[in-house]
Amino acid sequence: MSVKKSAMYVDAAKISEMMNVSMSCAHKLVARLNKELESAGKVTRTGKVPKSYLTERIS
C-alpha cells in the first residue's frame with residue numbers, strides 16, 4: 001500500500017483550480033513567480049513553482 005506525498009511543485013492547472021482563475025492568468029502567475037525566484041538566484045522549473053513559495057506569496 002503506497003501513500004501519495006503532497007506535490008512539492010504546482011503547475012498552472014493546479015493554480016487555476018486552487019485560486020479559481022483562468023488558465024491564462026495562472027500561466028502568467030507561474031511566469032511571474034519563476035522570474036522572482038530567478039532574480040533571487042534560485043533554480044526554477046519551467047511551468048511549475050514550488051507550492052511553499054506560491055502559498056507564501058498569495059497569503
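Helices here are DSSP runs of H or I with at least four residues, strands are runs of E with at least two, and both are numbered from the N terminus. The model is a predicted one, so local features need pLDDT of at least 70 and side-chain atom pairs count only at pLDDT 80 or more, while totals for chains, interfaces and linings use all residues. Residues are numbered from 1 along each chain as its sequence is written, and side-chain values use heavy atoms, with hydrogens and water left out.

To start with helix α1: this element covers residues 12-19 and holds S16. With a relative accessible area of 14%, S16 is buried (under 20% relative accessible area; exposed is over 50% and partly exposed is in between, with a 1.4 Å probe and protein chains only). Setting aside neighbours within four places in sequence, S16 is in contact with V21, S22, M23 and A26, where contact means heavy atoms within 4.5 Å.

Next comes the nonpolar core, meaning a set of buried Ala, Val, Leu, Ile, Met, Phe, Trp, Tyr and Cys residues joined through side-chain atoms within 4.5 Å. The largest one has eleven residues: V10, A12, I15, A26, L29, V30, L33, L37, V49, Y53 and L54. Two or more of these residues come from each of α1, α2 (23-39) and α3 (51-58). Helix α2 puts in the most, with five residues. In soluble globular proteins, nonpolar side chains tend to be buried together.

The loop between α1 and α2 is where N20 turns up. Its relative accessibility is 71%, so N20 counts as exposed. N20 also has a positive phi of about 55°, and it is not a glycine. Most residues other than glycine have a negative phi.

Over in strand β1 (residues 9-11) sits D11, which is partly exposed at a relative accessible area of 32%. Not counting residues up to four places away in sequence, D11 touches G47 and K48.
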